[in-house]
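Please examine the sequence and the model shown below.

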Amino acid sequence: MSKQTYEVALMFLGIDVGGTFTDAVLANEGKIVNQAKVLTTGENILQGILKALDSVLIEQPPCSIDRVVISSTVVTNALVIGDTDEVLLAVMPGTGMDISHSFPVKPLVIEGYIDHRGRITQPMRVGHEELEGELQSKVIAAVSGKFSVRNQQNEVALKKEIAELGISKIFLGSEMSGELNFVRRTNSAYFSAAVFRKYQEFIDKIKESITSRGMTAPVHILKADGGTLPLSIALKHPVEAIFTGPAASVLGIEA
């Protein structure tokens, strides 16, 4: 007996918050139902988002929206102008690897090494005084070890040491990707940490604007590759929000 498939018409709301304009588009069955372009309202970004939402939802009940997809240049702009948090970047590269020009900032190199089979050949070791000296006014950290995707133990141990000094948000390189490229994982963890607080603030504004207009649809964040992430997962990988603005532009051109 063959299975039948059924097509379901879905109503999508797309919001793109740029440095100059905030765009909102309502689409049903692949066709644009309504659209709006308003000025992005700087520090009071919520005001611009709400104005765009009110324009596209003027004849559409919020309960009819099936999914909301958000794109923004907020994270990209923050990186370009340097409006980011100072990050403690702690790495465990082991021996035989020149990392002098691999990262955006000079990292704190920690003892500890996992080999390519995932075996601990050198346990993580660091002094509290050394960490305290590096932390100073920093409120966020990124930790990364070579081959940590094969075994997280050293990264987790270092995370615990940093957390005991009062840092509540720490990104691990092994949680950025399952790939073996140590430098790329480390940079992803660093940039995720650098933009996290600004990104979280932006996400909170999005949540506030969506709920204040009576929408209960799941909210996704557009990634730079054109895919999307649920809001809860997106906050664990802020680096995915970089270049979502250009991605939205490319998808719009293709459409």
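The text below moves from the overall chain to helix packing and then to individual residues.

**The chain as a whole**

The structure is a predicted model. Its protein chain contains seven helices and 12 strands. Along the principal axes, the C-alpha atoms of the protein chain fill a box of roughly 65 × 55 × 30 Å. The protein chain has 255 residues, and 43% of them count as buried. Among contacts in the protein chain between residues at least 6 apart in sequence, 63% join residues at least 24 apart.

**Helices packed on α5**

Two packed helices are described by the angle between their axes and the distance between the axes. Two such pairs involving helix α5, which spans residues 182-212, are listed here.

| Helix pair | Angle between axes | Distance between axes |
|---|---|---|
| α2 (residues 74-81) and α5 | about 130 degrees | 10 Å |
| α1 (residues 45-56) and α5 | about 35 degrees | 10 Å |

How do α2 and α5 pack against each other? Their axes lie 10 Å apart at an angle of about 130 degrees. This angle makes α2 oblique to α5, because angles over 145 degrees would count as roughly antiparallel and angles of 65 to 115 degrees as roughly perpendicular. The crossing of these two helices, α2 and α5, is right-handed. On the α2 side, the contact is formed by V74, V75, A78 and L79, which meet F191, V195, K198, Y199 and F202 of α5. Sorted by class, the residues in this contact of α2 with α5 are eight nonpolar, no polar and one charged.

The crossing of α1 with α5 is also right-handed. Helix α1 contributes I45, L46, I49, L50 and L53 to the contact, while α5 contributes F202, K205, I206, E208, S209, I210 and S212. The residues of the contact between α1 and α5 comprise eight nonpolar, two polar and two charged.

**Residues with a positive phi**

Most residues other than glycine have a negative phi. Q136, although not a glycine, has a positive phi of about 45 degrees. Q136 is found in the loop between α3 (128-135) and β9 (140-145). F147, likewise a residue other than glycine, has a positive phi near 60 degrees. F147 belongs to the loop between β9 and α4 (153-163).

Are these residues buried or exposed? Q136 has a relative accessible area of 67% and is therefore exposed, the cut-off for that class being over 50%. F147 has a relative accessibility of 15% and so counts as buried, since buried means under 20%.

D23 lies in strand β2 (residues 21-28). Leaving aside residues up to four places away in sequence, D23 touches G14, I15, D16, A36 and K37. D23 and L222 are 199 residues apart in sequence, yet their C-alpha atoms are 14 Å apart in space.

Q35 is placed in strand β3 (residues 31-39). With a relative accessible area of 53%, Q35 is exposed. Beyond residues up to four places away in sequence, Q35 touches A24, V25 and V56. Q35 and L13 are 22 residues apart along the chain, and their C-alpha atoms are separated by 9.5 Å.

Notes: Residues are numbered from 1 along each chain as its sequence is written. This is a predicted model: local features need pLDDT of at least 70, side-chain atom pairs count only at pLDDT 80 or more; totals for chains, interfaces and linings use all residues. Side-chain values use heavy atoms; hydrogens and water are left out. Axes are lines fitted to C-alpha atoms, for helices over the stretch in contact, and angles run from 0 to 180 degrees between N-to-C directions. Helices (H or I, at least four residues) and strands (E, at least two) are DSSP runs, numbered from the N terminus. Angles under 35 degrees count as roughly parallel, over 145 as roughly antiparallel, 65 to 115 as roughly perpendicular and the rest as oblique. A crossing is left-handed if the near helix is turned anticlockwise from the far one by less than a right angle, and right-handed if clockwise. Contact means heavy atoms within 4.5 Å. Ala, Val, Leu, Ile, Met, Phe, Trp, Tyr, Cys and Pro count as nonpolar, Asp, Glu, Lys and Arg as charged, and the others, Gly among them, as polar. Buried means under 20% relative accessible area, exposed over 50%, partly exposed in between (1.4 Å probe, protein chains only).
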